[in-house]
Amino acid sequence: IYLRRCTTSGSFISKKINIVMELKEAWEISRKFITEYTGKEPGTIGERNTTQYDIDKGSVHSYLETYHDHFNKYLGRPINILEIGISGGWSLYMWKQYFGKSSNVVGIDIDPYNLIWKDENKEVKMIFSDINDMDRISSELGDMRFDIIIDDGSHVTEDMINTFYFLFGRLNEGGTYVMEDVDGNYPDRVQSIMDKLSEHSPMLVDLRKVKERYDDILIIFKK
């Protein structure tokens with residue numbers, strides 16, 4: 001998101017300043033999310049201070065309060081979290097900080113070259129593969145099951161539905177499955193997800209009015 005903005009307007013210097021400001025905003029929102037709800041200040045990873053976060057869940061999007069409402073019951077518990085679409089990797093570290101050291105965080109992304117955060121302490125597991133390569137993903141995950149699964153991948157309707165069918169069976173009883181960034185510009189596509197997965201009682205969380213973003217929509221499933 002930030003790099004795309006960098007290439008579309010203004011001088012190079014002003015673009016760079018805008019990017020830094022947006023990253024700081026993203027970090028401040030993420031830091032507030034962690035400290036307010038856990039009472040702990042985020043730490044560091046190796047030589048990298050966590051002020052280098054690049055997380056859009058609370059800056060570009062408006063998800064963090066909703067996430068706390070649904071995830072706070074897991075705080076301090078030895079849970080497993082899976083996120084599809086990790087980009088720079090910082091959200092994995094945010095989840096690790098939020099849920100605590102007893103949590104087990106796994107991320108899947110198709111492109112390792114987007115990764116900014118290097119997990120020097122091996123705190124999380126990263127798998128680099130197309131989510132549609134189900135044989136490989138199944139092999140990498142083994143018999144792992146999860147308490148939380150977040151799909152922040154391609155955001156293509158068909159992919160989101162296929163990923164749900166592929167991974168929902170790995171969700172523990174009482175677990176939460178989330179689809180992020182559902183495109184509200186295409187209500188027929190949103191409705192197709194709701195209809196095709198109706199047996200799993202999808203809950204639509206429409207946050208578009210908060211920041212006037214067309215894709216500020218979550219679809220949440222409970223098991």
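Over residues 42-52 the pLDDT stays under 50, and the model has 28 contacts beyond four places in sequence for this stretch. The model is a predicted one, and pLDDT is the predictor's confidence in each residue. Another such stretch is residues 1-17, where pLDDT also stays under 50 and the model has 17 contacts beyond four places in sequence. Where pLDDT is low, the predicted coordinates should not be read in detail. The protein chain as a whole averages a pLDDT of 80, and 71% of its residues score at least 70.

Consider next the chain in outline. Its secondary structure comes to 8 helices and 9 strands. The chain has 223 residues, of which 49% count as buried.

The buried residues of H3 are Leu64, Thr66, Tyr67, His68, His70 and Phe71. In H7, the residues Val190, Ser192, Ile193 and Met194 are buried. What do the buried residues of H7 pack against? Their neighbours are H6, S7, strand S8 (203-206) and strand S9 (217-222).

Charged side chains come next. Side chains of opposite charge can pair when their charged atoms come close. The count for this model is 6 salt bridges. One of them joins Asp152 and Lys57, with the closest N and O atoms 3.7 Å apart. This pair links distant parts of the chain, 95 residues apart: Asp152 lies in the loop between strand S6 (146-151) and helix H6 (157-167), and Lys57 lies in the loop between strand S2 (48-49) and helix H3 (64-71). Both Asp152 and Lys57 are buried.

Lys57 also meets Glu180 in a salt bridge, at 2.8 Å from N to O. Here the two residues are 123 apart in the chain, with Glu180 in the loop between strand S7 (171-179) and helix H7 (187-196) and Lys57 in the loop between S2 and H3. Glu180 is buried, as is Lys57.

A further salt bridge is formed by Glu140 and Lys125, whose closest N and O atoms are 3.8 Å apart. Glu140 belongs to helix H5 (residues 134-141) and Lys125 to strand S5 (residues 124-128), 15 residues apart. Are these two residues buried, partly exposed or exposed? Glu140 has a relative accessible area of 33%, so it is partly exposed. Lys125, at 31%, is partly exposed too. Elsewhere, salt bridges that share partners join Lys57, Glu83, Asp152 and Glu180 into one network.

Two residues in loops have a backbone angle to note. Asp181 is not a glycine, yet it has a positive phi of about 55°. Asp181 is found in the loop between S7 and H7. The relative accessibility of Asp181 is 8%, which means that it counts as buried. Ser201 likewise is not a glycine and has a positive phi of about 55°. Ser201 sits in the loop between H7 and S8. With a relative accessible area of 56%, Ser201 is exposed.

Definitions and conventions:
Residues are numbered from 1 along each chain as its sequence is written. Side-chain values use heavy atoms; hydrogens and water are left out. A salt bridge is a side-chain nitrogen of Lys or Arg within 4 Å of a carboxyl oxygen of Asp or Glu. Helices (H or I, at least four residues) and strands (E, at least two) are DSSP runs, numbered from the N terminus. Buried means under 20% relative accessible area, exposed over 50%, partly exposed in between (1.4 Å probe, protein chains only). pLDDT is the predictor's confidence in each residue, from 0 to 100. Contact means heavy atoms within 4.5 Å.
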